Amino acid sequence: MNIEVNNEVPANFEELKKSANRSSNWRERQDAVEQLGQWNDQQSINILTRMMTSDAVYPIQELAYRKLKAFGEDVQLPPRKKGDLVKGAGKVFVRIKKSLPEGHTFEAFKEKLQKTRTDVYDTYEGDKGADFDHWLETTWASLLK
């Protein structure tokens, strides 16, 4: 069941394209997927396909997949990525922990991560959802050993 592909693109297409590429803002990328998912045109399909296969935040990959399926595209949802979502993230966490004074709090670690590596913070926050704080605190605690 192939739905007819439209040749029109959304009026704010260039803005949506930029939002889709904004690596340090998963909410903006999610919103771009929602909006592009309303336009069954080749350019939107191309961006949604790229986001489905390569976005670092799995819920965004899933959303892009659902939008493409709704268009009638023959797509497969990629498996959830294992290991670091951002290359070298483990080293980033260690570096930030070491840069803080002995006996620092989890909140200090979280704040410094958010300020210094927005991309890493944002990717994991988007991927972990409601479990993010618990996951980050567990990760931080494991670095203390």
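Predicted model: local features only at pLDDT ≥ 70, side-chain atom pairs only at ≥ 80, totals over all residues.
The protein chain contains 8 helices and 0 strands. Read in sequence order, these elements give the pattern α-α-α-α-α-α-α-α. Along the principal axes, the C-alpha atoms of the chain occupy a box of roughly 60 × 30 × 25 Å. The chain has 145 residues, of which 38% are classed as buried. When contacts between residues at least 6 apart in sequence are considered, 59% of them link residues at least 24 apart.

Two packed helices are described by the angle between their axes together with the distance between those axes. Helix α2 spans residues 26-36, and helix α3 spans residues 42-54. The axes of α2 and α3 come within 10 Å and cross at roughly 140°. Because the limit for a roughly antiparallel pair is over 145 degrees, this angle makes α2 oblique to α3. The crossing of the two helices is left-handed. On the α2 side, the contact is formed by R29, V33 and L36, and on the α3 side by S44, I47, L48 and M51. By residue class, this contact comprises 5 nonpolar, 1 polar and 1 charged residue.

A further partner of α2 is helix α4, which covers residues 58-70. Here the axes lie 9 Å apart and the packing angle is about 5°. The two helices, α2 and α4, are therefore roughly parallel to each other. Helix α2 contributes W26, R29, Q30, V33 and E34 to this contact, whereas α4 contributes I60, L63, A64 and K67. The residues involved divide into 5 nonpolar, 1 polar and 3 charged.

E28 is located in helix α2 and is partly exposed, with a relative accessible area of 22%. With residues up to four places away in sequence left out, E28 touches S19 and R22. E28 and D55 are separated by 27 residues in sequence, and their C-alpha atoms are 13 Å apart in space.

L77 lies in the loop between α4 and α5, the latter comprising residues 89-99. L77 is likewise partly exposed, its relative accessible area being 31%. Apart from residues up to four places away in sequence, the residues touched by L77 are Y58, Q61, E62 and Y65. L77 and R66 are 11 residues apart in sequence, with a C-alpha to C-alpha distance of 8.8 Å.

Definitions and conventions: Residues numbered from 1 in each chain as written. Heavy atoms only, no water. Axes fitted to C-alpha atoms, helices over the stretch in contact; angles between N-to-C directions. Helix = DSSP H or I, 4+ residues; strand = E, 2+ residues; numbered from the N terminus. Parallel < 35°, antiparallel > 145°, perpendicular 65-115°, else oblique. Left-handed = near helix turned anticlockwise from the far one by under 90°. Contact = heavy atoms within 4.5 Å. Nonpolar A, V, L, I, M, F, W, Y, C, P; charged D, E, K, R; others polar. Buried < 20%, exposed > 50% of the residue type's maximum accessible area, 1.4 Å probe, protein only.
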